[in-house]
Amino acid sequence: MFDLPKISLKGKVSEEEWQLRVDLAACYRLVADLGWDDIIYTHLSARLAGTDQYLVNAFGLAFDEVTASNLVKVDLEGNILDDTPYEINPAGFTIHSAVHAVREDAHCVMHLHTPATIAVATQKEGLLPYSQYSMFSLSSLSYHGYEGLAVNEDEKARLQKDLGDTNHMLLVNHGGLTLGPTVGDAFMRMFDLQRACEIQLMLQASGQEAVKVPQPILDNIYKQAKIVNTGTTGGQKIWPAMLRKAYKLDPGFME
């Protein structure tokens, strides 16, 4: 019960796959440290470049137990492709497989059930332009209505349609989702979305009238985002610092 199976894939997979495993494992640890995890539920996934193979967490492990080696490799149907004692949560991979199937740029997908994203996703007006953090999300934000537990295959098409070409999604009654060309980008986008939701809830709880960002500024943010998204993004810039933070928390994620 207390001793996890010992697995070591270092030196047994390509350098590219190993680095992706390290990045994704670090992201799981950071999510746990920030208090964004949900016991053993919710998922972060990453695509192996040039393939239809994906890494995702082993079902039953807490986020602070995820390592580079115990991540599980699967295909779009959730079939396990490597020799591992672990399983995955097929229902949990439904949302990720839907996104990866239609978004070639979605090398990393993060789906979380944080109280802040659930609360704002469930408000009738959704995310409002109350902070600079909200600007990043509002420039590329979509919504998907709640259909119960994500186990129905036919929900995928509706989620894909709702997502379109956006990089942030609020799932009504459910949580948040971000995606990016790298683990760092998906993480940075989730950080912005989470912070924007937290600020909105704090403002609403204050009982004071809040000042919204004027629409002309919001419109200009949309244009700026299109320019920024064509080059190196903030996620790639901050990721080395996040890796160092994860290492300081517990270098075991690199095992």
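**Entry 1: terms and model**

Buried means under 20% relative accessible area, exposed means over 50%, and partly exposed is in between, using a 1.4 Å probe and protein chains only. I looked at a predicted model, in which local features need pLDDT of at least 70, side-chain atom pairs count only at pLDDT 80 or more, and totals for chains, interfaces and linings use all residues. Residues are numbered from 1 along each chain as its sequence is written, and side-chain values use heavy atoms, with hydrogens and water left out.

**Entry 2: the whole chain**

I looked up the secondary structure and found 8 helices and 7 strands. These are DSSP runs numbered from the N terminus: helices are H or I with at least four residues, strands are E with at least two.

I then checked the radius of gyration, which is taken over C-alpha atoms; the globule rule is 2.2 Å times the number of residues to the power 0.38. For 255 residues a compact globule would have a value near 18 Å, and the chain agrees with its 18 Å. Along the principal axes, the C-alpha atoms fill a box of roughly 55 × 40 × 35 Å.

Of the 255 residues, 48% count as buried. The accessible surface is about 12,600 Å², and 54% of it belongs to carbon and sulfur atoms. Accessible areas come from the Shrake-Rupley method with a 1.4 Å probe, and for residues only the protein chains shown count as cover.

I also looked at contacts, meaning heavy atoms within 4.5 Å. Among contacts between residues at least 6 apart in sequence, 68% join residues at least 24 apart.

**Entry 3: the nonpolar cores**

A nonpolar core is a set of buried Ala, Val, Leu, Ile, Met, Phe, Trp, Tyr and Cys residues joined through side-chain atoms within 4.5 Å. Which members of the largest core touch the most other members? I noted L24, Y28, L44, M110, L112, L127 and L170, out of 53 residues. Helix α1 (residues 15-33) gives the most to this core, with 11 residues. Apart from it lies another core of 11 residues, including I95, A98, V99 and A106.

Leaving out residues up to four places away in sequence, L24 touches L44, S45, A46, L55, L71, C108 and V183.

**Entry 4: S45**

S45 was among the contacts of L24, and I looked it up next. S45 lies in strand β1 (residues 43-47) and counts as buried, at 0% relative accessibility. What do the polar contacts of S45 join it to? The side chains of S45 and H96 are joined by one of 2.7 Å, and those of S45 and H100 by one of 2.8 Å. A polar contact is a pair of N or O atoms within 3.5 Å; within protein, one must be able to donate a hydrogen and the other to accept it, and residues adjacent in sequence count only if both atoms are side-chain atoms. Beyond four places in sequence, S45 touches residues including L55, V56, F93, H107 and V109.

**Entry 5: salt bridges**

Side chains of opposite charge can pair when their charged atoms come close. I counted a salt bridge where a side-chain nitrogen of Lys or Arg is within 4 Å of a carboxyl oxygen of Asp or Glu. The whole structure has 10 of them.

E17 pairs with K73, with the closest N and O atoms 3.1 Å apart. E17 lies in helix α1 and K73 in strand β3 (residues 72-74), so the pair ties together parts 56 residues apart in sequence. Are E17 and K73 buried or exposed? Both are buried. A network of salt bridges links E17, R21, K73 and D82.

D250 pairs with R29 at 2.9 Å between the closest N and O atoms. D250 is in the segment after α8 (234-249) and R29 is in helix α1, 221 residues apart. D250 is partly exposed at 35% relative accessibility, whereas R29 is buried at 8%.

E147 pairs with R158, the closest N and O atoms being 2.8 Å apart. E147 sits in the loop between β5 (141-144) and α5 (155-163), and R158 in helix α5, so the pair ties together parts 11 residues apart in sequence. E147 is partly exposed at 28%, and R158 is partly exposed at 37%.

**Entry 6: positive phi**

Most residues other than glycine have a negative phi. T42, not a glycine, has a positive phi of about 70°. T42 lies in the loop between α1 and β1 and is buried, with a relative accessible area of 3%.

N173 also has a positive phi, near 65°. N173 lies in the loop between β6 (168-171) and β7 (175-180) and counts as partly exposed, at 41%.
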